[in-house]
Amino acid sequence: MPGASPIGSGQGIVNPGNLRFIIEEAKVPIIVDAGIGGPADAALAMELGADGVLLNTAVSGAQNPALMAEAFKLAVQAGRKGFLAGRIPKKRYASASGPVEGMIE
């Protein structure tokens, strides 16, 4: 269970590169614990390939814990689907996203 950042800090995933390395090299499921502050942090952890997130402070400390728990549920689902779908590679420069054949010059 790698910590995203110090427990209870809500700082989010402070080093996604290290987390990705752990996930890629691990032979066991990876549950991200500690430091998750908001739904976007959970989605990122799942997009990186984590098998789950463990939450407490981010939900229990929210102004509306029930609503925050639901937001986390949706973020985890979205992040996992994004991971499974496979994001496009990051490129240094822009490139056309549609066909260029038949374009008027």
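How many helices and strands make up the secondary structure of the chain? The secondary structure comprises 4 helices and 2 strands, where helices (H or I, at least four residues) and strands (E, at least two) are DSSP runs numbered from the N terminus. From the N terminus on, these elements follow the order α-β-α-β-α-α. This is a predicted model, in which local features need pLDDT of at least 70, side-chain atom pairs count only at pLDDT 80 or more, and totals for chains, interfaces and linings use all residues. Residues are numbered from 1 along each chain as its sequence is written, and side-chain values use heavy atoms, with hydrogens and water left out.

**Chain as a whole**
- Of the 105 residues, 28% count as buried; buried means under 20% relative accessible area, exposed over 50%, and partly exposed in between (1.4 Å probe, protein chains only).
- Among contacts (heavy atoms within 4.5 Å) with a separation of 6 or more, 55% join residues 24 or more positions apart.

**Nonpolar core**
- A nonpolar core is a set of buried Ala, Val, Leu, Ile, Met, Phe, Trp, Tyr and Cys residues joined through side-chain atoms within 4.5 Å.
- The largest such core has 15 residues, and those with the most contacts inside it are Leu-19, Ile-23, Val-32, Ile-36, Ala-45, Ala-50 and Phe-72.
- At least two residues of this core come from each of α1 (16-25), α2 (39-47) and α3 (57-60), and α2 provides the largest share, 3 residues.

**Helix α2 and its surroundings**
- Asp-41, Ala-42, Ala-43, Ala-45 and Met-46 of α2 are buried.
- The buried residues of α2 pack against β1 (31-33), β2 (52-54) and α4.
- Just after α2, Gly-49 adopts a positive phi of about 110 degrees.

**Packing of α2 with α4**
- Helix α4 (residues 65-85) packs with α2 at an angle of about 25 degrees, their axes being 7 Å apart; axes are lines fitted to C-alpha atoms, for helices over the stretch in contact, and angles run from 0 to 180 degrees between N-to-C directions.
- The two helices, α2 and α4, are therefore roughly parallel to each other, a term for angles under 35 degrees.
- On the α2 side, the contact is made by Pro-39, Ala-42, Ala-43, Met-46 and Glu-47, while α4 contributes residues including Met-68, Phe-72 and Phe-83.

**Thr-57**
- Thr-57 lies in helix α3 and is partly exposed, with a relative accessible area of 44%.
- The C-alpha atoms of Thr-57 and Gly-10 are separated by 7.9 Å, although these residues are 47 residues apart along the chain.

Conventions
Parallel < 35°, antiparallel > 145°, perpendicular 65-115°, else oblique.
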